[in-house]
Structure formats: structure tokens, C-alpha cells
Amino acid sequence: MAILEYPVKFDIIVVGAGHAGVEAALIASKMGAKTLILTQNLDTIAQMSCNPSIGGVGKGQIVKEIDALGGAMGKIADASALNYHMLNTSRGPAVRSPRAQCDKKLYHINAKKMLEERKNLFLIQDEVSHIKIEGSKLKGVLTARNVFYSSKIVIITTGTFLKGLIHIGEFTAPGGRYNDPPSNTLSDELKKLGFNILRLKTGTPMRLNSKDIKFELCEKQPSDNPAIGFSIFTDNIELNKRNFLPCWITRTSEKTFEIINSNLKKSALYSGKIKTIGPRYCPSIEDKIYKFPHHKTHHIFLEPEGFNTNEYYVNGLSTSLSEDVQIEIIKSIDALKDAQIIRPGYAIEYDLSNPSDLKYTLESKIVENVFLAGQINGTTGYEEAAAQGLIAGINAVLKLREEEPFILKREESYIAVMIDDIITRGVDEPYRIFTSRAEFRIALRQDNADLRLTKYAFKLKTIEDYYEPKFKKYEELYFNFLKNSAYANCSGKEIEPWKAENAKEAAENEIFYSAYIERYKREAEKFKKLEEVKIPKNFDYSAIKELSIETKQKLSKIKPENLAQAYRIPGITVTDIQLIWVLIEKRKYAKTDRKND
């Protein structure tokens, strides 16, 4: 079949329209790049394949950071939310994390509409099968319909679709999601291009029809009152006019434990069908029973999937057990014993690219002008994916302009912590962000994301210029609160959409943690010195006799750009860093001497 060449030439093509793809396409087009988003199905844009919720511990902070940088996730979540809950309110402000349950259909509709209305952005339903490269130069992509789309940069955001395989007990079927076909050709194509392909697994619980759930036997979890939205652009007064829905909490029983324990062989995970590793921090119910046998019961969270549906997500019962066992499990829980499973839980295995092969811009080190974002990089979760999409989109545009890349530091954002972790440490299980992963977490709070990052948004032009004077007034107000001053004649109305009360909260929390923050700043200064020492691209670690073979292999594989990044690679010691530093300095002096000669 002849190849059809699409008549429009694009700056950037985004492959996939999940949470990473949505952010990448929106931010790239917002920054002026002619952008195309290609997806297998326009009806599953920003699909909430697992839990229809946004935020959580560490994740909520990332959503706030996405919003502060001009991203879309916070806005879409606020437009779709049906329940808000601030987590860790009994603990310090540094680990408090916002979370919202969303109407998953409404979330999809809001995301799709945002894409459809964006200037410079094209949407086409088709499956990318090949990356077109001539010599070493990227030319565009070829699709399953044999259409060639020309572009200068490609951002791959394929989620769990690369050779996706669904497991329910002994039943196995190809799929990127249940009933959605996988992308097999593209995975093979990436292998041919030299990408190091790995494989992981994740899973999801069954869904129930709520009409026969005995909610009177559950603990009610109403929405926060008042609810506070994720986005600084959300009108919280209007938001609280919405009729929020409650979530519910119940528990498994000892009978549940016995059912699962006696049927482990009917789990795809424990029968040997699944060879790969799933997320440690979101284990299946069979994993909980097998690994923690001293816990005879476990919490179950019943979460509505929408305003206009009876479908409920059973958080805590992720499983790959056979359907007959899943039915038994539900019947063993008093509050659920009469409820009907309308979608079974399942596990999914999928291919990904080794994230150690990425630059900090999320451009591949293997093929120039190919960027990767989301689960293809070994992360799990909508929030982690969206943040990567945002960073990939921004850096793709900056590369087109031949401008300096946008790279955040660990001490200023959770997004940077995640990207640094997956690149320097790699992944042997799906990566999930937590507050505990950030050594500077006391300074990286959800209440100050805008104060940390919005200055970059104005520089990048990802937030409209007319907001900048208002933001500067907000910053001024914050610093006045830090000095225990009055409002400095700044009223809340003058600085909308930034809230005057948020500046006060951020300042109070900064004062509360001031002693710790000063200590962190001193630590950050030490790392700054290491960051300033750049490692030459052609630096030969194998020639350094004093380094161990393992250290040489790790450094040669990851190719850190500076000493700070090298130091964060697991197993790299202070002595290793000092040795490399000395050799870099010697090389500098040798070059200087040759010039002088």
C-alpha cells in the first residue's frame, strides 16, 4: 500500500493522548509550536484507566507544581471533581497533600475540549507504528494507515500500550487497557532503533454497581468543607456550590483472607503467568495477603466514578485473581456481599524504555529529537505522567528554538526529584512519587508551589503576561507576611487569581519550618557546587583504575552531566566523586597549558 504524506508539516508530534500526552501537546502548542497529537482513540483522551482520582501524598504537590508552571491537570481536575480531601492533616504542613475524586467521563470531556480548542494544536485518530529516521535525522512518524506525518520532534507517551497484556486468572488477552488494543509494532520499532526495552506490570480492582452496597455498614468520608481546588485559577467560591459526593470506607474480613490464601494459584501473579514486577506501594490484594499474613483484614475504600453513574471503584482490591474468586471476595465483605461486579479487576504487563537512557530534558540519549514521558519511562500514576509530559513539551519547544533547556533542581520541586530519581536510579518496579523521596520536602510544600515555580512560567510564557504584575503583588504580600507586616495595601481582589489567604498560609508555614529550611539551604549550596562541575561528554570512566568495575559501568551507562548527578547514583561514593573531580580539573589545566604553548 502506498504511503500517503499528510499535507501539513509539524514542529512536534505527540504520540498518545493520556495524561502525559495531553500536557505535552497543550504546553507545546501554547508556546507556539505547531503540534499534532496522534492517538488510537479520541474517545479515551485522558482516560482514568485505574482510580478516577487526582493527587495524594506527593502526587498532590506535583499537581500544584504542574499548575504553577502553566499546565492543565489542576484545572481539569477542579472542573471534574466530585470529592476533595486533604491528606495528612494531623501531621505537619510539609506532608499535607490534596486529593480529589473525579468524574472520569467529565475529566475526559474537559481534557478533550481543551485540546480541541487550543490554537496550533491538531488532533488525529490513528496508531503510530514507526519512527521515520533518515541517517541520524528524525523525519516524523508513520501510522498503521500508512500515513506519514512530518515533524522535527516526536514525544512518545504510550502509557501501558506497548505490547500490553491483560491477565485475569488464567485468562490472557492483548490490550493497552481492557478492550483497547495494544501497540505492538511501535515497541518492536523502538527496539530496532536501539532503545533498551524493559517490562513491568500494574493492576486495577473490580468495579461494582452501588445499588446493592450496604453503605450503612461503611464509614462515610464526606468531601472537605470548604473544598480547596488544585489550580490557582479555580474560583473556590463557585467550586463549593457543587454538590460533592461522599466516599466510603469498609474492611475485608478474615473470610476474605481465607478465600484469597486458598486460591493464590488462580492469581496470574502467583501462578507464574506474570513474570514482571508491579508497584510496591500499590500492591494487589493477593500480594497483601501473601506478604503480610499477620494482617487478617485490610481497609477498602469505595469511591464513586461519576456524578451520573452507580459505578464504584474498590480501592484496595487490585487483583489478577480469576473472576470466580473475585466474586467470592466481594461476597465475603458484609457491606458488599450483595453487590454485583460489573468490571473484573485485572493485571497488565507492558513494555517501557529504560529511563536511565534519558537526558534531564526527557530527550532520549539514543535517538536525537525523540522525547519520552509517562509510563514509558517506568513511572506509575496520572500525576507523574502529566508532569513528565509538561517538562518534555517545554523542552521540545526550547530545543526547536535552540534555547537553553528547562531543568528543575531537586531542592525546588517534586517534579525534579522524580526525574532525577528515574534517570540516576533507573527502575525495577513502577516508580511512584512520595514526600519521603524528597530530601528538601519541608521547603517543597503544596502551599508554596506557585511561589517556587511560577517565575519560570512567566519566563517560558506558559502563563499569560498580564498575570505577572498580579503575581508580583502576591509575592510582595508573602514577603511582608514573612516580616510580620500588614497586607501592604494589597487587597485580595487586586491580585486574583492568587488568594491573599494563601500567601499568609505559605508565610506562616515557612516561619514554622525556618530553622530546618536554613539547614536545607546549606545542604543545597553544597550540591550547587557539585552541579557547577560539568562532566565532559566524552569522559572515559573505564580508564580510571581506582574506580570499581560496577562504578565504571553505572557511570558509563547513565552518563551524568555534572558531579551532583553522579553523586546521586546509588553506590557512587564521596571518594569516587573526588577522584572524578580531580581528573576533570587536571584535564582543564592540561588544555590550558596546551593553549599557552
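Helices here are DSSP runs of H or I with at least four residues, strands are DSSP runs of E with at least two, and both are numbered from the N terminus. The model on your screen is predicted, so local features need pLDDT of at least 70, side-chain atom pairs count only at pLDDT 80 or more, and totals for chains, interfaces and linings use all residues. Residues are numbered from 1 along each chain as its sequence is written, and side-chain values use heavy atoms, with hydrogens and water left out.

**Stop 1: helix 13**

Select residues 468-482. This is helix 13, with 15 residues. From first C-alpha to last it reaches 21 Å, close to the 21 Å expected at 1.5 Å a residue. (The expected span is 1.5 Å times one less than the number of residues.)

Now colour Phe471, Tyr474, Leu477, Tyr478, Asn480 and Phe481. These residues of helix 13 are buried.

Step past the end of the helix to Asn484. Asn484 follows helix 13 and has a positive phi, near 60 degrees.

**Stop 2**

Strands of a sheet pair through backbone hydrogen bonds, either parallel or antiparallel. (Two strands count as paired if DSSP finds at least two bridges between them.) Look at strand 5 beside strand 6 (residues 97-102): they pair in the antiparallel sense over 6 bridges. Pick Ala81, and find its bridge partner Cys102 in strand 6.

**Stop 2: His108**

Select His108 in helix 4 (residues 104-117). Is His108 buried or exposed? At 11% relative accessibility, His108 counts as buried. Not counting residues up to four places away in sequence, His108 touches Leu42, Asp43, Thr44 and Ile45. (Contact means heavy atoms within 4.5 Å.)

**Stop 3: the nonpolar cores**

A nonpolar core is a set of buried Ala, Val, Leu, Ile, Met, Phe, Trp, Tyr and Cys residues joined through side-chain atoms within 4.5 Å. The largest one has 125 residues. Which members touch the most others? They are Ile12, Ile13, Ile54, Tyr107, Tyr149, Ile155 and Ile415. Helix 10 gives the most to this core, with 11 residues. A second, separate core of 25 residues includes Ile285, Tyr312, Ile330 and Ile333.

Zoom in on Ile415. Leaving aside neighbours within four places in sequence, Ile415 is in contact with Ile62, Glu65, Ile66, Leu69, Ala387, Ile391 and Leu408.

Next, find Ala392 in helix 10 (residues 382-400). Ala392 is buried, with a relative accessible area of 0%. Beyond four places in sequence, Ala392 touches Ile155, Thr361, Leu362, Phe371 and Ala373. Draw a C-alpha to C-alpha line from Ala392 to Thr157: they are 10.0 Å apart in space and 235 residues apart in sequence.

**Stop 4: salt bridges**

How many salt bridges does a search of the whole structure find? The count is 36. (A salt bridge is a side-chain nitrogen of Lys or Arg within 4 Å of a carboxyl oxygen of Asp or Glu.)

- Asp180 and Arg177: their side chains meet at 3.0 Å, N to O. Both residues are buried.
- Arg425 and Asp421: the closest N and O atoms are 3.8 Å apart. The two are 4 residues apart in helix 11 (residues 414-425), so about one helical turn separates them. Arg425 is exposed at 52%, whereas Asp421 is buried at 4%.
- Lys521 and Glu518: the side chains meet at 3.7 Å, N to O. Both sit in helix 15 (residues 514-531), 3 residues apart, or about one helical turn. Lys521 is partly exposed at 47%, and Glu518 is partly exposed at 42%.

Finish by selecting Arg410, Asp420, Asp421, Arg425, Glu439 and Arg568, which are linked in a network of salt bridges.

Technical notes
Buried < 20%, exposed > 50% of the residue type's maximum accessible area, 1.4 Å probe, protein only.
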